[in-house]
Amino acid sequence: MVDRIAQIWGTRTPFARGQRWPVRVDQVLAEGLAEADVERWVQSACVLCSNGCAVDIAVKDDTMVGVRGRAVDIVNHGRLGPKGLFASWQGVSHRDRLTRPLVRENGELVETDWETAMDRIVTRSRSLLAEQGPLSHGFYTSGQLFLEEYYALGILGKAGIGTPHMDGNTRLCTATAAAAMKENFGSDGQPGSYADIDECDAVFLFGHNMAETQTVLWARVLDRLAGPDRPQVVCVDPRETEVARHADVHLAVRPGTNLALMHGLVREVIAQGWVDEDWVAAHTLRFDDLAEQIEPWTPEAVAEECGVAAADVRAAARIFGTSERVLSTVLQGFYQSAQATASAYQVNNLHLLRGLIGRPGCGILQMNGQPTAQNTRECGADGDLPGFRNWENPAHVRQLAELWDIDPLVIPHWAPPTHAAQIFRYVEQGSIEFLWVSATNPAVSMPQLPRIREVLEREGLFLVVQDLYLTETARYADVVLPAAAWGEKTGTFTNVNRTVHLSEQAVSPPGEARSDLEIFLDYARRMDFRTRSGRPLLDWSGPEDGFDAWRECSRGRPCDYTGLSYATLRGGSGIPWPVTEEHPDGTVRLYEDGVFPTDPDDSETYGHDLTTGATVGPQAYRAMAPGGRAIFKTAPYQGPHELPREEYPFRFTTGRTVYHFHTRTKTGRAPQLQGAAPDVWVEMAVSDVAALGLTEGDVVRVESPRGHLTAPVRVGDVRTGTVFAPFHYGSWDQQDPTGRAPGQRHRAANELTLTEWDPVSKQPVFKTAAVRVTKVADATGPAPAPTTTASRPARGGRVPATVGGAAAEVHETIAPAEPPAVATREERP
């Protein structure tokens, strides 16, 4: 038995390059239960990070009582991380669950029946559509629903109502991943595979604290590092994360300076002659434009702007330029910062310069932050057109109109889709009066929370919230709909490296809770949305009908699902799309032939100016004649939106801890995880703490021009001049009587962040804000920060170690042989 709170990544199973990652099955059951007590195991996959680990749910007496990893699966080979082990089932089996709809009466939320709740929604929706039209409606969803639910929502919004005001909270975490791939390659979709960890000579992690955000993927890296031919590791992060501690080169850049660093790396690769000129000539466009723009960024110029050593810039570039096989991963450190798309784009550019794409060990993983973020983007629930279609391409719009049997003019394509920050701006201005929020919590996760709270309680807004619990956002709602959770419904979802899993219903939802799909289908039926031929717009009887409808929508597109079915996904491993007659076992890597979906008739976008976000447009794009070639591009470096100054001398940046997911709706209700990270903290460098006369655990007020939080200080290994705070902590578990105010104290990191966004991806900037720090109270003990990862104290031994004890013990079974044959699909062409 292993304490998986103290030992996050579990027991090591070292392996060499080219070998299969060994199987290790992780299993945990409710206290007092043995495996013989389990009545049945139900196939699923974890939804508590974007890794997409396959899992079996243990069921007894119609209750989830534990989980185990699926040994046959190509993603996790049986392993699970702490969130999956403890919060996946405990986080939804809690006494706080919503079990009946709620409606607002005389200012208070009271229980009601489904008929009353849905009648209020439909009455208000019909009235606004009749009086003001479809622009009165907005939909804001998640990265945690199932594919079938997103596709239903996409059809509702685009074909039923006809509103462009649709987005997901994926806009906050990984919109830049999609934007960078669209701009470079012509389409969304990860080129690489997790299996590239098994084959690479070097791993670059750009703003990606993989050790805490994708624990099982990091375990795979750790097992390679423990093997006989260790890959080199380069880490870009202002904190000394667990990744940084294993790195050969750690580039601890100032927050907001990523693009300067990337220009320097690209320049050095070109200057040292490490470019595969023949490959670049055959498969790319606009190399000369790129080379000219990055020329000023010498290692010395990068060092001055980013606060790193010029020698380290050269060393990192040398590793990239001379390694035979490089895997790059990117996440929020780049996506939520200044010039996000331009920075992430340069990661792709590095791989294109060397032709390191489409081959084993040569992967790019523009990571997601949520388990089903990929489906939000594929299905059009985030504003994009379903199937990676181009909203500027009339032929793509006609394809959807024919598929849905509707007038093409109903589908909003006259202007860019409305992104999340703009949706809330329209609510603030009063043009959106009906907002439906499903499975997300903007009252904690959006930037500049004082403003968001005012938007949510704006008079005249009709707010529908569909969730598991009475979240901070739900407390503002006019109608709250109780939704079924993971394990209580059936559906599919797709992880970062395009692997599709089926999650079967294991138990009944509590009380009157319904699946999100049932709720959307009920709304469509009550609204009487119909096709041109008079049929119901959404005539599905259940999730499998929705999956079959989606297969047709994806036919011939880069994300082709036509070779998949519920039957093919049952019993074995997840399968990476595209899956077709030609590729029935899926596709491990994209672009093996060096041909990209940039042809104007196929591409998901015509491109944008990376500085302004202005669209290139169809004429200019066609004139470029991309013809299946990838496109080099960048933007002049501009730096952070908000710099430190005398009144606010520190750089504030936000992030995650390994023990919590988003706003703790599930993880905060898992005792093992909540015990490991019970409250918010802020991290500061040793020198900064000393200059302010602070010590470990002193309570401080961190304040920006927009708001403040109060929290104990962790004296940690973050770069000087930087203040870090995890963003997970809201007010739902504080004793505020209404729940609509911040509670006992302000502890949400997004009280401080600013409403700015990347011009292309429209992703908000969470990583750079100017703040000041003042002491509020003396320490009564150490900060409540874990000691196991990036938040460990700089002065070891003075703070008790984070442990889980018997309640966090997990049974690990390490297989003595190679993984079963079913898992070898990842080796097939």
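**Entry 1: the model.** I am working from a predicted model.

**Entry 2: the sheet.** I looked up an open sheet of six strands. I read its order as β1-β29-β2-β5-β4-β3, and the pairing is antiparallel. I then checked the edges, where β1 (2-3) and β3 (40-45) stand. Each has a single partner strand, so one side of each is left without a neighbour in the sheet. Strand β2 (residues 24-29) and strand β5 (residues 63-69) pair in the antiparallel sense over three bridges. I found Gln-27 opposite Arg-68 in β5. I also noted helix α1 (residues 82-90), which lies across β2, β5 and β29 (809-814). The helix runs at about 160° to β5.

**Entry 3: Glu-683.** I located Glu-683 in strand β24 (residues 682-685). Is Glu-683 buried or exposed? Its relative accessibility is 0%, so Glu-683 counts as buried. Its side chain makes a polar contact of 3.1 Å with the side chain of Trp-681. Leaving out residues up to four places away in sequence, I listed what Glu-683 touches; among them are Arg-239, Arg-714, Phe-724 and Ser-791.

**Entry 4: the cysteines.** I searched for disulfides, and the count comes to zero. Cys-46 is in no disulfide, and the nearest cysteine sulfur, that of Cys-49, is 6.3 Å away. Cys-46 counts as buried because its relative accessibility is 9%. I then turned to Cys-379. Its closest cysteine sulfur is in Cys-553, at 7.7 Å, which is too far for a bond. Cys-379 is buried too, with a relative accessible area of 0%.

Note on methods: Residues numbered from 1 in each chain as written. Predicted model: local features only at pLDDT ≥ 70, side-chain atom pairs only at ≥ 80, totals over all residues. Heavy atoms only, no water. Helix = DSSP H or I, 4+ residues; strand = E, 2+ residues; numbered from the N terminus. Buried < 20%, exposed > 50% of the residue type's maximum accessible area, 1.4 Å probe, protein only. Polar contact = N/O pair within 3.5 Å; in protein donor to acceptor, adjacent residues only side chain to side chain. Contact = heavy atoms within 4.5 Å. Pairing = 2+ DSSP bridges. Axes fitted to C-alpha atoms, helices over the stretch in contact; angles between N-to-C directions. Disulfide = S-S within 2.5 Å.
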